[in-house]
Amino acid sequence: MKAVITVTGKDTVGIIAKVSTVCADKGANILDITQSVLGDYFAMIMLAEIDKLSIPFSDFVDVLAELGKTNGLVISAMHEDIFNTMHHI
């Protein structure tokens, strides 16, 4: 199973490192990542394998959201099934 993780907010040093650290600590393997800095703003999309999470996916979502709040970012994680359903024509 996979999850799509998005991160947006003011650009600061260490955003990728912080999100990657949480993913690694919780057992999510980052498969792909793209990021851009648009002026002063940071935007990133990650695709992560979540089969080996050490916590329930809902808790993983909450941990990432809290990391975002703590760092002035918006971080969301969506299970690939929901993402695919939302984008199915």
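**Ground rules.** Before anything else I wrote down that two strands pair if DSSP finds at least two bridges between them. Helices (H or I, at least four residues) and strands (E, at least two) are DSSP runs, numbered from the N terminus. I also noted that this is a predicted model, where local features need pLDDT of at least 70 and side-chain atom pairs count only at pLDDT 80 or more, while totals for chains, interfaces and linings use all residues. Residues are numbered from 1 along each chain as its sequence is written, and side-chain values use heavy atoms, with hydrogens and water left out.

**Entry 1, the sheet.** I started with β2 and β3, which run antiparallel and are joined by nine bridges. Within this pair I found N29 opposite E49 of β3. The hairpin between β2 and β3 has two residues between the strands, and G39 there takes a positive phi near 65 degrees.

Next I followed β3 to its other neighbour. β1 and β3 are antiparallel too, with nine bridges, and K10 has Y41 of β3 as its bridge partner. On to β4: strand β1 (residues 2-10) pairs with β4 in the antiparallel sense over seven bridges. I marked two positions here: A3 stands opposite H79, and I5 has A77 as its bridge partner.

Putting the pairs together, I get an open, antiparallel sheet of four strands in the order β2-β3-β1-β4. β2 (29-38) and β4 (73-79) are at the edges with a single partner strand each, so one side of each has no neighbour in the sheet. The twist averages 10 degrees from one strand to the next; for such angles, axes are lines fitted to C-alpha atoms, for helices over the stretch in contact, and angles run from 0 to 180 degrees between N-to-C directions.

Helix α1 (residues 15-26) touches β1, β2, β3 (41-49) and β4, and its direction makes about 20 degrees with that of β3. Contact means heavy atoms within 4.5 Å. Helix α2 (residues 57-70) lies across β1 and β4 and runs at about 165 degrees to β4.

Which residues of α1 are buried? I found I15, V19, V22 and C23, where buried means under 20% relative accessible area, exposed over 50%, and partly exposed in between (1.4 Å probe, protein chains only). Seen down the axis of α1, the buried residues fall within an arc of 100 degrees, so they line one face of the helix. The arc is that of the directions from the helix axis to the C-beta atoms. On the other side of α1, A24 and D25 are exposed. The buried residues of α1 pack against β1, β2, β3, α2 and β4. Just after the helix, G27 takes a positive phi of about 90 degrees.

In β3, the covered face holds F42, M44, M46 and A48, and the uncovered one Y41, A43, I45, L47 and E49. In β4, L73, I75, A77 and H79 are on the covered face, with V74, S76 and M78 on the uncovered one.

M46, in β3, is buried with a relative accessible area of 0%. Leaving out residues up to four places away in sequence, M46 touches A3, V4, I5, V19, S20, I30, D32 and I33. S76, in β4, is partly exposed at 34% relative accessible area.

**Entry 4, the whole chain.** The protein chain has three helices and four strands, following the pattern β-α-β-β-α-β-α along the sequence. Of its 89 residues, 27% count as buried. Among contacts between residues at least 6 apart in sequence, 67% join residues at least 24 apart. The C-alpha atoms fill a box of roughly 35 × 35 × 20 Å, taken along the principal axes.
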